[in-house]
Every structure is written in C-alpha cells, then in structure tokens.
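Subject: Structure for your reading, with notes

Dear colleague,

Please find the structure below, followed by notes on what turned up in it. I would be glad if you read them with the model open beside you.

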Amino acid sequence: MKLAGTIKKKMTDGIAIGTTVTLADIGVTEGLGLAGLDFVWIDMEHSTLGKIEVCGHIIAAKASQIASFVRVPWNDPVQMKPILDMGPDGLIVPQIRSLQEAKNAIAACFYPPKGVRGFGPLRASGYGTYNITESLPEDYKPTLLFLQVEHVDCVECIDDILALEGVDGLIFGPMDLSASIGKLGKMDDPELNQIMDDLAPKIIKSGKILGVSMAYRPEKVTAWIKRGATFLSLGQDIEILLNSVGQMVGSVESLWQEASGEQPGSPPKRHRGLTGGAV
C-alpha cells in the first residue's frame with residue numbers, strides 16, 4: 001500500500017516512468033528498478049508469463065523499491081483475483097469497451113458488498129501476518145486500478161466511465177486504438193490523434209491519471225507530456241535489450257573499421273567468414 005500511494009502521488013504531482021516486462025527472469029525487474037524506473041508493467045496479456053513468474057516480479061519490484069503494475073490477460077474476475085492476492089501496486093485491465101465492462105473491472109477489485117472479490121489475499125496480507133479484516137472499510141482497495149482505452153467503443157462511453165469511483169487512471173493503447181478505427185499502426189493519422197487530443201483533457205478534468213503505453217519515441221513522449229500524461233510506460237525489456245546490443249555492435253564495428261583501416265561502410269572482416277570469404 002505504501003508503494004501504491006507513493007506512485008500515485010508521483011503521477012499526480014509529476015510523471016512516473018516505467019517499462020513493460022515480458023521475460024520470466026525476475027532479475028530483469030530488479031535490474032530495471034536499480035536503473036531508476038518508477039514502475040514495471042508486468043504483462044500477462046502479450047507474454048508467456050504465468051502466475052509464478054508474475055509473483056516473482058512483484059517481489060523483485062518491492063526489493064528494488066519500484067511499483068509493480070500487472071496487466072491481466074483479460075477483464076475476468078477469475079484471472080484478476082489471484083493477481084490481486086499477490087499484492088501488486090496496480091492492476092491494468094485491457095480492452096475496456098463499455099460502461100458495464102468498466103464496472104465489472106471495478107467490482108473484481110472490491111470485496112462484497114461493494115464488489116465480488118473473494119477473500120484470500122495471501123501475499124497481500126503478509127501471508128497472514130497481519131489481519132486486514134480488522135476494521136476493514138467497505139471501500140478497501142489497496143491496489144490501484146487502471147483501465148485501458150484501446151478501442152473506439154470505449155471512446156464513445158468515456159464520460160460515463162470517468163464518472164465511476166474506483167478507477168485511478170486510464171491508459172491509452174495507441175496501437176490497438178488505431179486498429180479499432182481501421183488504421184493499424186498509423187500513429188500519425190489525424191483521426192487517431194484527434195481522438196487522443198479530445199479525450200486527454202476529459203480524463204485529467206475528472207481527476208483520474210492519464211497514461212499511455214507505447215514504444216519509446218522522444219517526439220511521441222513529448223506529445224503525450226503536452227497532453228498531460230503522467231503515467232508513461234515506454235518500450236519493453238526485450239526491445240531495450242535488442243536496441244542496446246544493436247547500438248553496442250554498431251559502435252564496435254565502427255571502431256573495428258577505424259582501427260583496421262577499412263573503408264567506412266565496408267563489411268567488417270569478422271562477417272566475411274560467415275559467407276566463406278576472408279576472415
């Protein structure tokens with residue numbers, strides 16, 4: 001609860017920066033925390049991560065003192081319940097397309113009578129070392145809830161969703177949103193950007209956090225900061241790894257050419273052996 005409150009305050013007062021985790025090794029999350037991120041987006045929707053790996057990442061996030069947000073595979077209380085019981089700092093629910101779906105997501109996070117969550121918090125209660133049922137308020141929800149705006153249907157009912165209690169923020173998924181209007185991947189499309197421009201001030205005015213999940217592109221980050229986004233999930237672990245290694249390889253190849261006297265642009269000698277040429 002302490003980290004959830006801290007990260008929410010950071011997103012209210014400034015910005016919080018994170019990245020998506022898809023790899024199973026919990027050292028990834030621990031290392032990302034040490035690198036200076038504010039949170040990790042532990043992704044179950046588009047990865048092979050299971051509950052055991054997710055719990056490990058949540059523990060690793062706490063070890064490096066960054067917030068843990070878990071995107072569940074779907075808006076399903078059966079899938080959300082065990083994740084909530086692990087005690088993440090935030091839950092992210094994808095593909096919200098109607099007011100009822102938003103209400104269902106909220107209900108999954110609350111115990112009766114306000115919601116439908118079954119009781120058995122396990123790690124979220126310190127494995128039973130403290131009793132959270134003592135003076136348990138009806139609105140007890142220690143995990144932040146973020147809903148994703150990824151479909152034009154969500155856009156059409158956004159005012160009703162923003163009026164709901166229990167939602168801490170809305171996060172845009174520009175790629176899926178572009179697909180829902182028949183323009184997959186066209187990030188510079190005027191219609192797509194007009195939708196996001198129109199919705200951003202509504203979200204902020206409602207008092208909810210405005211967020212986005214996307215690849216890291218400085219010009220796009222600038223655009224979202226101008227829109228008022230304070231939840232920035234940028235790139236993902238494997239993408240960061242590939243980009244970093246690619247930059248290192250390119251740098252070393254340039255140094256090789258410089259040191260060996262080869263002409264700029266010529267294939268490095270070490271590659272020629274792969275095609276049967278000189279090495």
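Accessible areas here come from the Shrake-Rupley method with a 1.4 Å probe, and for residues only the protein chains shown count as cover. On that basis the protein exposes about 14000 Å², of which carbon and sulfur atoms supply 58%.

Before the details, please keep in mind that this is a predicted model, in which local features need pLDDT of at least 70 and side-chain atom pairs count only at pLDDT 80 or more, while totals for chains, interfaces and linings use all residues. Residues are numbered from 1 along each chain as its sequence is written, and side-chain values use heavy atoms, with hydrogens and water left out.

**Overall picture**

The protein has twelve helices and eight strands, where helices (H or I, at least four residues) and strands (E, at least two) are DSSP runs numbered from the N terminus. Taken along the principal axes, the box filled by the C-alpha atoms is roughly 75 × 50 × 35 Å. Of the 279 residues, 46% are buried; buried means under 20% relative accessible area, exposed means over 50%, and partly exposed lies in between, with a 1.4 Å probe and protein chains only. If one takes the contacts (heavy atoms within 4.5 Å) between residues at least 6 apart in sequence, 60% of them join residues at least 24 apart.

As for charge, Lys and Arg count as positive and Asp and Glu as negative, with His and the chain ends not counted, and each charge is placed at NZ of Lys, CZ of Arg, CG of Asp or CD of Glu. The mean positions of the 26 positive and 33 negative charges are 2 Å apart.

**The largest pocket**

On a 1 Å grid over the protein atoms alone, a pocket is an open set of points with protein on both sides within 12 Å along at least five of seven lines, where a 1.4 Å probe fits, and lining residues have an atom within 4 Å of a point; a cavity, by contrast, is a set of points from which the probe cannot get out. The largest pocket holds about 620 Å³ of space, the volume being the space filled by probe spheres set on the points, which are joined across faces, edges and corners. Its lining consists of 29 residues, and those nearest the centre are Pro174, Met175, Ser213, Met214 and Ala215. Two or more lining residues come from each of strand E2 (39-43), helix H8 (174-180), helix H9 (190-205), E7, helix H10 (218-227) and strand E8 (231-236).

Ser213 lies in strand E7 (residues 209-214) and is classed as buried because its relative accessible area is 19%. Leaving aside neighbours within four places in sequence, Ser213 is in contact with Trp41, Ile171, Phe172, Gly173, Pro174 and Ser233. Ser233, in turn, belongs to strand E8 and is buried, at 0% relative accessibility. Beyond four places in sequence, the residues that Ser233 touches include Gly18, Thr19, Phe39, Trp41 and Ser213.

Val21, in strand E1 (residues 16-21), is buried with a relative accessible area of 0%. Setting aside neighbours within four places, the contacts of Asp168 include Lys8, Lys141, Lys208 and Ile209.

**Backbone points to check**

Most residues other than glycine have a negative phi, and most peptide bonds are trans. Which residues does a cis peptide bond join? The pair is Pro112 and Pro113, with omega at about 10°, and Pro113 lies in the loop between helix H5 (99-109) and strand E5 (144-149). Leu122 is placed in the loop between H5 and E5 and has a positive phi, near 45°; Leu122 is exposed, with a relative accessible area of 59%. Tyr127 lies in the loop between H5 and E5, with a positive phi near 55°, and is exposed at 59% relative accessible area.

With best wishes
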